[in-house]
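This report is meant for someone meeting the structure for the first time.

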Amino acid sequence: MQRVAVIGGGPGGLYAAALLKRLDPERDITVWERNSPADTFGFGVVLSDETLGGIEHADPVVHAALQDEFVRWDAIDIVHRGVTQTSGGHGFAALGRRRLLEILHERCDRLGVRLRFCAEAPPAAELAATHDLVIAADGVHSLTRTAHADTFGPRLTTHRCRYIWLAADFALDAFRFEIAETAHGVMQLHGYPFSAGASTVIVEMREEVWRAAGFDTGDVTESIARCGDVFRETLGGRPLRSNNSGWLTFRTVVNARWSHGNTVLIGDAAHTAHFSIGSGTKLAVEDALALAACVEEHPDLPAALAAYEAERRPVVESTQRAAAASLRWFEELATYVDQPPRQFAFNLLTRSRRVTHDNLRMRDASFTAAVEEEFAAPFGTPPMFTPLRLRGLALRNRVVVSPMDMYSAVDGVPGDFHLVHLGARALGGAGLVMTEMVCVSAEGRITPGCAGLYTAEQAAAWARITDFVHASSPGTAIGVQLGHSGRKGSTKLMWEGIDQPLDHGDWPVVAASPVPYTGVSQVPHALDRAGLDAVREQFAAAARHADHAGFDLLELHCAHGYLLSGFLSPLTNHRTDTYGGSLRARLRFPLEVFDAVRAAWPDDRPMTVRISATDWAEGGTTAEDAVEIARAFAAHGADAIDVSTGQVVADERPEFGRSYQTPYADRIRNTVGVPVIAVGAISSWDDVNSLLLAGRTDLCALGRPHLYDPHWTLHAAAEQDYGGPGAPWPLPYRAGSRTPPTGRTDAPKPRLTLG
């Protein structure tokens with residue numbers, strides 16, 4: 001590869017050019033940049049130690065130049081309602097963006113890279129015909145990406161906040177977040193030093209706040225002055241300055257592919273990550289490092305570009321998930337402002353889910369201890385092992401074994417498998433163990449293997465299980481989840497073909513509307529008045545059976561596309577009577593069922609509701625709808641909302657990732673004020689502690705971790721050196737309450753050195 005064209009002279013494009021030239025001085029490399037060398041947008045750039053390590057190995061000259069320029073600090077200040085909370089031990093390095101570009105210009109010039117400033121690059125297709133490699137580093141508004149959208153498959157998402165990138169001529173002594181509650185709404189400042197005498201200052205607010213404050217009608221100079229007034233105390237009365245600044249709306253860029261023939265996207269052209277986690281320049285520089293390495297390591301360009309994308313995509317997607325969580329946190333900032341001061345600060349610090357309770361404790365033990373004290377965790381007690389009361393039920397810890405269908409019942413009767421399965425998890429330390437969805441009628445089963453509570457025999461079998469839990473694991477609560485399969489019923493066992501119709505022995509299914517779940521599913525019968533009444537009574541009868549069976553808590557399943565969920569979603573409820581149309585109407589039947597079950601269930605025992613907080617599909621239930629659904633159930637007496645998502649329509653597009661559903665629980669808890677159960681890819685005790693301390697949930701439900709390890713909760717206690725009342729080991733197991741010893745892996749230390 002001898003001829004390389006780079007479109008865009010930002011940090012990513014320049015560094016890619018420098019690295020490729022350094023690897024092969026014979027290469028002819030040209031960088032096109034539409035602006036002059038002195039032009040840049042924004043002010044400071046933050047780079048991580050990881051990125052700097054990569055630069056050091058690849059180009060010590062650039063690394064040395066950067067080291068001479070960096071401003072370093074390790075503290076974060078969170079200023080809210082006049083109180084500053086400081087957390088240390090974070091470690092940042094920043095420099096001016098203009099100085100970074102100067103260093104890269106100098107490096108490219110010395111290596112012999114041709115830099116063409118104030119020059120529009122020819123179209124990528126034209127360059128591709130005359131060059132071996134075309135690197136499109138042309139930013140978030142990439143013309144290359146647009147021109148070849150059919151191949152790259154871009155998806156651009158515009159978000160709900162406005163922000164402006166400014167600077168102040170003094171150095172902040174920490175990374176600073178400041179919250180201003182104005183007459184127009186909440187505004188926030190993100191600031192950090194990038195030189196001995198200057199700081200980046202970003203002012204951000206929701207679109208509606210921006211408009212209410214009149215920023216949409218004034219000129220930029222006036223906006224800057226007003227921002228200075230809002231944050232006058234932090235700025236010490238100093239003015240803010242601009243650099244071609246204007247009010248922006250952040251746009252997330254995702255591409256299905258990053259290369260097209262011999263053209264490849266890097267940096268913001270390929271992907272963006274919200275500035276609140278400081279990763280834009282970092283990602284672009286890391287892209288350049290990976291691309292140069294892959295070109296060097298592979299014999300041909302197609303293999304190199306494939307390897308580049310394979311290496312970088314998982315890293316980028318992980319960063320984008322963290323950035324999305326951070327972005328949404330700031331979009332919903334107004335819901336958190338009434339949190340206690342330390343919890344608010346902890347919530348902000350852990351918003352992206354990359355900083356957690358455990359690693360924050362390692363960075364700043366005193367700050368974390370203060371947060372735990374405010375949470376009212378006794379000394380030495382991890383948050384997950386603090387108690388919680390729901391009505392008359394006292395839970396000894398915050399861990400829930402999530403409902404998981406086992407498809408192992410016979411005629412709806414739970415057997416020895418269920419006794420061992422649920423009994424083992426009850427012995428494993430969780431505060432609450434939930435059954436799978438227990439069906440309220442034979443025709444309400446998902447599969448022939450689903451458990452039920454519609455006969456006396458089934459109730460007696462469940463009583464055998466609850467008796468075991470209460471006798472063998474005192475203090476562990478066991479809850480039942482009642483549901484009806486709706487249009488997703490009469491299907492094969494999961495391992496025989498999930499959602500596939502039965503080959504024989506099927507039964508008719510019912511739903512809110514005659515809309516099948518998949519193309520091979522039955523068309524359900526829409527419930528009429530008599531059918532609605534019958535189903536409501538089936539739920540109430542099952543609740544009475546659950547009472548007699550000895551369950552401690554009852555959950556109504558209104559999620560995952562089953563019958564009651566089907567009434568809630570506009571994608572599955574097409575009714576034109578009083579049970580369809582508006583959200584209020586779609587809520588009517590699920591609330592009628594809730595009321596009937598609540599009336600049948602003992603008043604001193606709690607009742608929760610599981611909902612799908614989004615359908616992950618256009619036109620479906622939204623996060624805003626979920627808040628109103630939760631509010632309605634809470635008004636009718638729900639003691640907690642179990643917040644799941646999706647599984648309502650077959651063509652959903654979930655945004656999977658660690659703890660990916662917890663923001664929906666967080667929003668409901670902090671908007672409605674009802675206790676919530678968070679669920680969805682929560683896999684570590686560190687995640688549980690973090691979510692609880694941040695005030696995002698009251699309980700955490702874990703499914704797969706408890707399949708992997710029935711004693712997950714007890715092992716979490718052992719790993720945290722906790723042996724208190726929140727996680728007592730069963731007497732026969734107490735000898736195993738410490739981590740088993742292993743063979744020594746250390747070597748004898750040298751004791752004497754002779755010269």
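Two strands are said to pair if DSSP finds at least two bridges between them, and both helices (H or I, at least four residues) and strands (E, at least two) are DSSP runs, numbered from the N terminus. This is a predicted model, in which local features need pLDDT of at least 70, side-chain atom pairs count only at pLDDT 80 or more, and totals for chains, interfaces and linings use all residues. Residues are numbered from 1 along each chain as its sequence is written, and side-chain values use heavy atoms, with hydrogens and water left out.

## Strand β7 and its partners

Strand β4, residues 71-73, pairs with β7 in the antiparallel sense over three bridges, and within this pairing Trp73 has Phe92 of β7 as its bridge partner. Strand β3, residues 44-47, also runs antiparallel to β7 and is joined to it by four bridges; here Gly44 has Gly96 in β7 as its bridge partner. Strand β7 itself covers residues 92-96 and is mostly covered, five of its five residues being buried, where buried means under 20% relative accessible area, exposed means over 50%, and partly exposed lies in between (1.4 Å probe, protein chains only).

| Residue | Relative accessible area | Class |
|---|---|---|
| Glu56 | 41% | partly exposed |
| Lys492 | 19% | buried |
| Val413 | 17% | buried |

Glu56 has its place in helix α2, which spans residues 49-58. From Glu56 to Ser569 there are 513 residues in sequence and 53 Å in space, C-alpha to C-alpha.

Lys492 belongs to the loop between β22 (477-483) and α18 (494-497). Which residues does Lys492 touch, not counting residues up to four places away in sequence? With contact taken as heavy atoms within 4.5 Å, they are Thr447, Gly497, Gln500, Pro501, Leu502 and Asp503. With Asp503 there is also a polar contact, side chain to side chain, at 3.5 Å; such a contact is a pair of N or O atoms within 3.5 Å, of which, within protein, one must be able to donate a hydrogen and the other to accept it, while residues adjacent in sequence count only if both atoms are side-chain atoms.

Val413 is likewise found in a loop, the one between β20 (399-401) and α16 (416-427). Leaving aside residues up to four places away in sequence, Val413 touches Glu457, Gln458 and Ala461. Val413 and Arg257 are 156 residues apart in sequence, and their C-alpha atoms are 50 Å apart in space.
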